[in-house]
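Here is a short briefing on one protein model. Look at the sequence and the 3D view first, then work through the points below.

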Amino acid sequence: MELTEDIARNFARIALGHVARPYPYKDDHVYEGEDDVRAPREAHPVFFGSFDWHSCVHGWWTLLTLRRLYPDMPEAAAITALAEGTFTEEKLAVELAYLERPSSRGFERPYGWGWLLYLHLEAERAAEHGWGERLEPLARAFAARLAEYLRILTYPITVGTHFNTSFALILAREWAARHDPVLLATIDDWSIAGFSHRGDYRGWEPGGDEFLSPVLCASMLMSRVMPFTLFEPWVDGLVLGNGWIERECRPVTVSDRSDGKIAHLDGLNLSRAWCLRGIGKALGDHPALPLIERRASEHLKAAMPHVAGDYMGEHWLASFALLALLEG
């Protein structure tokens, strides 16, 4: 399955329908006092839509990416107009001021951090509009926080939800490769220390409300950190040689897409497809490649029909579908 203009237009319409939709909204806010009560849009005039802050960030990544890839599609003009009114210096200054509150130290850590850096990377590709330049102070602030976080994070967090360390580092590493060689080295060194000794994975996936595979996210991260000569034996010892991908890595069932946490499982199918495709690219002509490609296809096919439908999934799933399709 590949990205086509029809799919791109559908994803663009979905994201245009929620990045500026203020409610319902799930806030990630620490109240410092009675005077701190406010509507989400007051604190987040840029990322107030899409049910929550991080989903709005990657909803915008979806829109800007699709606009770049299909500049002549009818939705491109609407994306441009909305972005022009959204990514202003004034609104982004409010987002930065919120981040600088002492009680915002853990705000969106690390999932939203990785996505904001990834959005900035995409926004820079529209240099004629200046969106990337305006986003850069916010991106730099998150990058500085990430460097400090890795300094104090002794162990990787390997859950399949927003706290997963590997997923955030995959996105942040691409930004660092362009913008911050010190952060890039920090990410690589930390990843080697955190994962290179791991082997023979026997975790209990899938978790009932998870949208990330802990082992596949770690594997995709290491495929970018390790040279091939080290990555191939490492991933073979982790999930290939013990039969985990053959035995356990199969599309999951979603029982109730109106339940936001259960709907996470559609995202698990999509993120597994993304990781499997990335791992397969790194392995080249490895004997396991046909199995990896088959599993990636199975997961993608299981989830693609459900990208739109109930808002509990619709406000974010297109981003993960796009990740998977672009990795193909």
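Which residues lie nearest the centre of the largest pocket? They are K26, D52, H54, H162 and K261. Keep in mind that this is a predicted model.

**The largest pocket**
- Its volume is about 580 Å³.
- The lining of the largest pocket is made up of 30 residues.
- Helices α3 and α6 (111–123) each supply at least two residues of that lining.
- α3 gives the most, with four residues.

**The nonpolar core**
- In soluble globular proteins, nonpolar side chains tend to be buried together.
- The largest nonpolar core here has 106 residues.
- Within this core, F11 and F47 touch the most other members.
- Leaving out residues up to four places away in sequence, F47 touches Y25, W53, C56, V57, W60, F87, E95, L116, L119, L135 and L138.

**Helix α1**
- Helix α1 covers residues 5–16, twelve in number.
- At 1.5 Å a residue, α1 should span 16 Å, and its end C-alpha atoms are 16 Å apart, so the two values agree.
- Buried residues in α1 are I7, A8, F11, A12, I14 and A15.
- These residues cover an arc of only 160° around the axis, which means that they sit on the same side of α1.
- An α-helix has 3.6 residues a turn, so residues three or four places apart point the same way.
- The cover over the buried residues of α1 includes α3 (53–69), α4 (75–86), α15 (311–314) and α16 (317–327).

Key: Residues are numbered from 1 along each chain as its sequence is written. This is a predicted model: local features need pLDDT of at least 70, side-chain atom pairs count only at pLDDT 80 or more; totals for chains, interfaces and linings use all residues. Side-chain values use heavy atoms; hydrogens and water are left out. A nonpolar core is a set of buried Ala, Val, Leu, Ile, Met, Phe, Trp, Tyr and Cys residues joined through side-chain atoms within 4.5 Å. Buried means under 20% relative accessible area, exposed over 50%, partly exposed in between (1.4 Å probe, protein chains only). Contact means heavy atoms within 4.5 Å. The expected span of a helix is 1.5 Å times one less than its number of residues. The arc is that of the directions from the helix axis to the C-beta atoms. On a 1 Å grid over the protein atoms alone, a cavity is a set of points where a 1.4 Å probe fits but cannot get out, and a pocket is an open set with protein on both sides within 12 Å along at least five of seven lines; lining residues have an atom within 4 Å of a point. Grid points are joined across faces, edges and corners, and a volume is the space filled by probe spheres set on the points.
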